[in-house]
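Reader: Can you walk me through this one? I'd like to go element by element.

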Amino acid sequence: MIKIERPRKDAAELNEVVKTVLDDIRQRGDAAVKDYEERFDKVRLDSLKVTDEEIEEAERIVSDDLKAALRLAHENIQTFHSAQKFESKRVQTKPGITCWQKAVAIEKVGLYVPGGTAPLFSTVLMLATPAKIAGCNEIVLCSPPNREGKLHPAILVAAKIAGVSNIYKIGGVQAIGAMAYGTESVTKVSKIFGPGNQFVMAAKQMVSLHDVAIDMPAGPSEVAIVADESANPTFVAADFLSQAEHGIDSQAVLVTTSAELKQKVEAEIERQLNLLPRKEIAAQALQWSRLVLVDTIDEAMELINDYAPEHLILAVNDYMSVAEKVVNAGSVFLGNYSCESAGDYASGTNHTLPTSGYAKAYSGVSLDSFIRKITFQELTAEGIKSIGHEVALMAQHEQLDAHRNAMTLRVEQVEGE
């Protein structure tokens, strides 16, 4: 079977840099964060936290049209994620034994929002909205400042719409370190969410080994498109390039059963590429991109499920039937009109998704990402009679006598009554 290779980089040198920064932040807190902001983001900050005045200024700067778009996206994201609320059920497993689960929000969460070559204010909505629905008590948001020491105004407006007030001007590895360890200004959180470059991803994975949970391991963003002769080549090329413009290590893949479509898409990619303001970034990403011709849709889906893409577009005639064959993917877009951009911004689904093949084992961010489920069990005397001897026997055979005794004492009391 054909295999699609992803961009790979030697992580040894990168990990060394990341570890040095994280260790320094753990030891020196705010002072280290400010030093790295000066070094990496080229700005010397007096204070790390965004002020109310800065948020008010952002609201004046952002256009009414964009504010309306952000509110529309927030409403749809809220609607979709609210529908994921957990309903607890009490189950009687045996007479006298009742078990149930309770959903509890993670108390303190950290959100990382990239702001370098593209300020991802949409990510604020994708992360903060389910966090608020879940009921997280403290939401910390970090994003890199510009050289004037300010965050992109749309990031601040999106944060206000989503109800986040603890916003910090911290980017990159130093943001991950600040949220993982806590500093004089930044609260230590229990779980960190959000995309980022290779340094951010390495930092997230490093802190997750000992100090904090993360949403998922991730790498460069990617899209796979499965298309047949019914697909619109102009749309396919646009979807291809919308992924390529994310970053130079992004990957776009087309798997098609139509040689004619493949040829048309190649021509459209070249035409549309020349019209893009981010042409240079997209052009570099295209070196990792692939256009693959296969004989059947079944062969295409076998290839796709092995690749396990972050985003999957099914631009095929019978897309509902083909969708049933999807086993590994982060988020799936059905038909010619379901472009990835819809999910990236405002359809309601979450755009924080597993990349680099992790869709084989991880889900994208959802309401569940912000909660824990605690199990409860209640045993009455009748419950002891239902399973007591069996529990004691199993404990005995595992040679855990204290476990056996804990149950045997209860069995003796219940049977003696």
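Author: What follows is a talk through some strands, cores, salt bridges and a helix of this predicted model.

Reader: Start with β11. Buried or exposed?

Author: Buried: that holds for five of the five residues of β11 (residues 311–315), so the strand is largely enclosed by the rest of the structure.

Reader: Which way do the side chains of β11 point?

Author: His311, Ile313 and Ala315 point one way, while Leu312 and Leu314 point the other way. Both sets are buried.

Reader: And which strands pair with β11?

Author: Strand β8 (residues 222–227) pairs with β11 in the parallel sense, over five bridges. Strand β12 (residues 331–334) also pairs with β11 in the parallel sense, over four bridges.

Reader: Give me a bridge partner for each. Where does Ala227 go?

Author: Ala227 has Ala315 of β11 as its bridge partner. For the β12 pairing, His311 is partnered by Ser331.

Reader: Switching to packing. How many residues are in the largest nonpolar core, and which touch the most other members?

Author: The largest nonpolar core has 40 residues. Those touching the most other members are Val109, Leu111, Cys136, Leu141, Ile167 and Phe370.

Reader: Which elements give two or more residues to this core?

Author: They are α3 (52–61), α4 (64–82), β3 (108–112), α5 (121–134), β4 (138–143) and α6 (153–162). The most comes from α5, with nine residues.

Reader: What does Phe370 touch?

Author: Leaving out residues up to four places away in sequence, Phe370 touches Val104, Ala105, Ile106, Val109, Leu111, Leu127, Pro130, Ala131, Ala134, Cys136, Phe193 and Val365. There is also a second, separate core of 33 residues, with Ile176, Ala180, Met201 and Val207 among them.

Reader: Now charges. How many salt bridges?

Author: The count comes to 19 salt bridges. One of the pairs is Arg6 with Glu222, whose side chains meet at 2.9 Å, N to O. This pair links distant parts of the chain, 216 residues apart: Arg6 is in the segment before α1 (12–28) and Glu222 is in strand β8.

Reader: Are Arg6 and Glu222 buried or exposed?

Author: Arg6 is buried, and Glu222 is buried too.

Reader: What does Glu54 pair with?

Author: Glu54 forms a salt bridge with Lys169, and their closest N and O atoms are 2.7 Å apart.

Reader: Why do you count Glu54 and Lys169 as buried?

Author: Buried means under 20% relative accessible area. Glu54 has a relative accessible area of 15%, so Glu54 is buried. Lys169 is buried as well, because its relative accessible area is 7%.

Reader: What about Arg271 and Glu268, how far apart are they in the helix?

Author: They are three residues apart in helix α10, which means a separation of about one helical turn. Arg271 is partly exposed, with a relative accessible area of 45%. Glu268 counts as buried, at 15% relative accessibility.

Reader: Which residues form a network of salt bridges?

Author: Asp24, Arg28, Asp35, Glu38 and Arg44 are linked in a network.

Reader: Next, α16. What span should it have, and does the model give that or something else?

Author: Helix α16 (residues 401–416) has 16 residues, which at 1.5 Å a residue should span 22 Å. The end C-alpha atoms of α16 are 22 Å apart, so the two agree.

Reader: Which residues of α16 are buried?

Author: Met407, Val411 and Val414 are buried. They cover an arc of only 65° around the axis, so they sit on the same side of α16.

Reader: What covers them, and what is on the other side of α16?

Author: The cover over the buried residues of α16 includes α15 (381–397). On the other side of α16, Ala402, Leu409, Glu412, Gln413 and Gly416 are exposed.

Reader: Last one. Where is Pro277?

Author: Pro277 is in the loop between α10 (259–273) and α11 (279–285). Pro277 is exposed, because its relative accessible area is 83%. Between Pro277 and Gly171 there are 24 Å in space, C-alpha to C-alpha, and the two are 106 residues apart in sequence.

Technical notes. Residues numbered from 1 in each chain as written. Predicted model: local features only at pLDDT ≥ 70, side-chain atom pairs only at ≥ 80, totals over all residues. Heavy atoms only, no water. Buried < 20%, exposed > 50% of the residue type's maximum accessible area, 1.4 Å probe, protein only. Pairing = 2+ DSSP bridges. Core = buried A, V, L, I, M, F, W, Y, C linked by side-chain atoms within 4.5 Å. Contact = heavy atoms within 4.5 Å. Salt bridge = Lys/Arg side-chain N within 4 Å of Asp/Glu carboxyl O. Expected span 1.5 Å × (residues − 1). Arc of directions from axis to C-beta.
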